[in-house]
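Hi,

Here is the structure I said I would pass on to you.

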Amino acid sequence: MQRFAFWRDWLSMSPAARLLIINGLAFNIGFYMMMPFLAQHLGSGLGLAGWACGLVMGMRVFSQQGLFLLGGTLGDRIGYHPAIVWGCLVRSLGFALLGWAESLPVLLLAAALTGFAGALFTPCAQAYLASECHTPTQRQRAFALHNLASEAGMLLGPLVGMLVTSQSYVLTGLLAASLFALLGVLQYRVLPKRPVAERAPRGAILQQWRGIVQHRPFITFTLLAGAYQVLFHQLYLALPAHIQSLPDASQLLGYVFTLSAVIGVLLQLPATRLVERRLGVPLAMGLGLGMMGLSYLALPLLAAWPMAGVLLQVSLLSLGSILCFPLFAAQLPRYAPSEQLGSYYGFYASAGGCMALVGNVLIGVLLGDAGSRPTSLIWLLLALCGMTAGWLLYRHLRAALQPDR
């Protein structure tokens with residue numbers, strides 16, 4: 001029966017693929033037990049000025065998003081196994097330093113290490129998982145399981161962090177560092193050490209990157225899929241600004257993230273079955289992005305019932321996300337040579353990060369003009385972004401994947 005298909009796939013997967021999926025749970029537990037409390041620790045705990053807190057947090061984001069392409073390219077050249085192991089160990093060191101450090105220079109070093117570790121680990125782990133799957137369907141299910149595990153980690157991580165941080169942020173850093181060190185040992189022991197492909201490009205790295213930029217179908221896919229990052233990251237910018245403008249909504253933001261994670265955990269596998277049996281990949285991607293965009297219209301349309309509008313918006317956004325997000329990573333290998341998977345995943349991640357940054361800057365400008373209260377114009381622009389990108393991505397993929405449907 002279809003309901004057992006994922007269980008059969010899990011049993012048929014290699015130990016390496018299973019570990020890479022479980023990484024999604026463990027990595028997010030370790031990450032989210034620290035990061036939601038970092039700003040409070042820097043400001044209230046260490047007494048840093050606001051600009052210093054922003055600099056530390058910005059350093060982590062920049063060193064990760066800006067270096068994804070470099071991390072993926074390193075994985076292609078030295079092998080995914082050592083890149084993944086070193087990514088775990090460097091993040092372990094970074095998180096230990098982040099919990100222990102009190103001076104700004106050491107905090108900046110710790111933030112840079114944690115960011116670079118993510119840039120090294122993430123594209124290489126995605127490339128390794130994709131290469132462990134033998135069919136497109138198995139790859140879709142593997143990334144769906146990985147997304148489910150990541151959502152579960154996002155749900156559990158803050159709960160663990162809340163308990164441990166109440167005792168000591170140093171203890172939180174040591175616990176997260178221990179988790180990543182353990183993961184590093186597991187990767188070293190379980191993941192096979194594959195030789196680097198002999199067909200790897202011998203030219204300069206810049207020539208390889210130039211080839212990626214000139215791959216027009218891949219660039220089209222990346223830019224359209226990058227709309228996801230613009231839409232999803234408003235959970236951290238426009239939506240909190242909207243919630244702060246509501247009366248008696250101090251706890252609502254916490255419910256928003258909990259609801260999003262619960263939807264991901266409970267409905268990811270049913271959504272993936274729906275894609276396989278009814279929708280197909282092009283329609284699922286287009287519909288998912290379109291639904292994420294349309295979700296923002298719930299806020300002005302239900303302005304008379306603002307809390308109901310927020311909860312409906314988050315529900316639709318999360319449903320659209322679980323419909324399309326695992327498919328992005330699963331479909332990317334169609335565009336990439338097997339010996340350059342890490343570089344392509346890295347470029348895709350870096351491009352998405354840049355689009356999220358540009359989107360946040362534009363939304364931030366509009367928020368500033370509106371006195372930090374989002375207006376209907378912001379929600380309309382986000383809706384148009386999602387619907388337009390969804391429609392164009394559907395047309396692009398329908399043409400590209402026609403033989404596979």
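Charge first: the protein chain carries 23 positive and 11 negative side chains, and the centres of those two sets sit 7 Å apart. Bear in mind that this is a predicted model, so everything here is computed from it.

On to the overall build. The protein chain has 19 helices and zero strands. Its C-alpha trace spans about 60 × 50 × 45 Å along the principal axes. If you take the contacts between residues at least 6 apart in sequence, 84% of them join residues at least 24 apart.

Next, the cysteines. How many disulfides are there? The count comes to zero. Cysteine 354 is in no disulfide, and the nearest cysteine sulfur, which belongs to cysteine 385, is 16 Å away. A disulfide would need the two sulfur atoms within 2.5 Å. Cysteine 385 is in no disulfide either, with the sulfur of cysteine 324 as its nearest, 12 Å away. Cysteine 354 is partly exposed, at a relative accessible area of 49%, and cysteine 385 is partly exposed too, at 27%.

- Helix α5 covers residues 68-78, and its buried residues include Phe68, Leu69, Gly71, Gly72, Thr73, Gly75 and Asp76. Just after α5 comes glycine 79, which takes a positive phi of about 105 degrees.

- Serine 168 lies in the loop that links α8 (136-165) to α9 (169-190). With a relative accessible area of 27%, serine 168 is partly exposed. Look across to glycine 99 as well: glycine 99 and serine 168 are 69 residues apart along the chain, and their C-alpha atoms are separated by 8.8 Å.

- Histidine 396 is part of helix α19, which runs over residues 376-400. Is histidine 396 buried or exposed? Its relative accessibility is 18%, so histidine 396 counts as buried. Which residues does histidine 396 touch, leaving aside its neighbours within four places in sequence? They are Pro217, Thr220, Phe221, Leu224 and Tyr335.

Conventions:
Residues numbered from 1 in each chain as written. Predicted model: local features only at pLDDT ≥ 70, side-chain atom pairs only at ≥ 80, totals over all residues. Heavy atoms only, no water. Helix = DSSP H or I, 4+ residues; strand = E, 2+ residues; numbered from the N terminus. Contact = heavy atoms within 4.5 Å. Lys, Arg positive; Asp, Glu negative; His and termini not counted. Charge placed at Lys NZ, Arg CZ, Asp CG, Glu CD. Buried < 20%, exposed > 50% of the residue type's maximum accessible area, 1.4 Å probe, protein only.
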